[in-house]
Amino acid sequence: MIRIRPEAERGIARLGWLDSRHTFSFGEYRDPAHMGFRNLRVINEDRVAPGKGFATHGHRDMEILTAVLAGALAHKDSLGNGSAIRPGDVQRMSAGTGVTHSEFNASQSEPVHFLQIWLLPDRADLAPSYEQRGFIPARGQHQLLASPDARDGSLRVNADADVYALRLEAGAKASFALRAGRHAWVQVIAGELAVNSLALAASDGAAISEERELTFAAGTACELLWFDLA
């Protein structure tokens with residue numbers, strides 16, 4: 001069973017300096033039919049104007065992944081970390097018992113475009129922690145970005161979720177077998193493809209249950225993230 005979450009139906013937040021699209025309920029966008037999927041709670045696609053951003057604010061008991069698609073995002077947090085997140089980088093912040101951070105466009109002239117993803121942790125009150133790593137997914141290969149056991153060089157998340165990136169050339173195909181009882185979420189970053197014969201385009205998402213295999217067939221060159229969830 002596959003349920004598509006079209007780009008055009010996501011929540012919208014515009015603050016002048018911020019243009020954000022919410023796949024699930026977030027902030028002032030409340031949609032009881034879209035409160036998350038399994039332990040995937042937030043997928044926000046944000047565009048932030050040059051020199052602007054999110055002032056210092058707090059989180060707790062959440063696994064937060066940030067992936068920059070274009071531009072650069074400057075991060076500072078109460079753990080003493082400070083970095084610029086650039087395309088290809090993925091940042092993982094485990095908020096645990098509490099952490100504060102700020103996120104600003106690192107450029108004074110160009111916008112920054114990024115995804116922020118929240119996963120519900122397996123346990124509350126974990127010690128806060130932080131990682132950042134650059135990934136270059138090989139075309140046609142599933143690149144593991146985050147996992148509970150940090151295997152294959154992935155970031156460690158305190159949640160039962162494997163997060164993959166996939167890049168395909170036009171006409172290419174890739175597949176992945178899902179274990180019994182697992183679910184998946186697909187989030188298209190760019191291009192057009194079919195997932196198990198259902199068409200998706202840039203910024204569309206899809207909730208997948210009761211499928212034993214995912215088959216990705218690219219109509220154009222495409223990039224996507226997908227989540228293997230309990």
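This report describes the strand arrangement and salt bridges of a predicted model.

## The sheet

Seven strands make up an open sheet with antiparallel pairing, and their order across the sheet is β2-β3-β4-β11-β6-β9-β12. The edges are formed by β2 (11–14) and β12 (129–134), each of which pairs on one side only. From one strand to the next, the twist averages 15°.

Within this order, strand β4 (residues 40–48) pairs with strand β11 (residues 112–119) in the antiparallel sense, over eight bridges. Among the residues involved, V48 has V112 in β11 as its bridge partner.

## A buried salt bridge and its network

The structure holds 15 salt bridges. One of them joins E45 to R10, with the closest N and O atoms 3.1 Å apart. Because E45 lies in strand β4 and R10 in the loop between β1 (2–5) and β2, this pair ties together parts that are 35 residues apart in sequence. Both E45 and R10 are buried, and the two residues also belong to a network of salt bridges that links E7, R10, E45 and R47.

## Two further salt bridges

The side chains of E131 and R133 meet in a salt bridge with an N to O distance of 3.1 Å. E131 is buried, its relative accessible area being 18%, whereas R133, with a relative accessible area of 30%, is partly exposed.

A salt bridge also forms between R151 and D149, whose closest N and O atoms are 3.0 Å apart. Here R151 is partly exposed at a relative accessible area of 29%, and D149 is likewise partly exposed, with a value of 42%.

Note on methods. Residues are numbered from 1 along each chain as its sequence is written. This is a predicted model: local features need pLDDT of at least 70, side-chain atom pairs count only at pLDDT 80 or more; totals for chains, interfaces and linings use all residues. Side-chain values use heavy atoms; hydrogens and water are left out. Two strands pair if DSSP finds at least two bridges between them. Helices (H or I, at least four residues) and strands (E, at least two) are DSSP runs, numbered from the N terminus. Axes are lines fitted to C-alpha atoms, for helices over the stretch in contact, and angles run from 0 to 180 degrees between N-to-C directions. A salt bridge is a side-chain nitrogen of Lys or Arg within 4 Å of a carboxyl oxygen of Asp or Glu. Buried means under 20% relative accessible area, exposed over 50%, partly exposed in between (1.4 Å probe, protein chains only).
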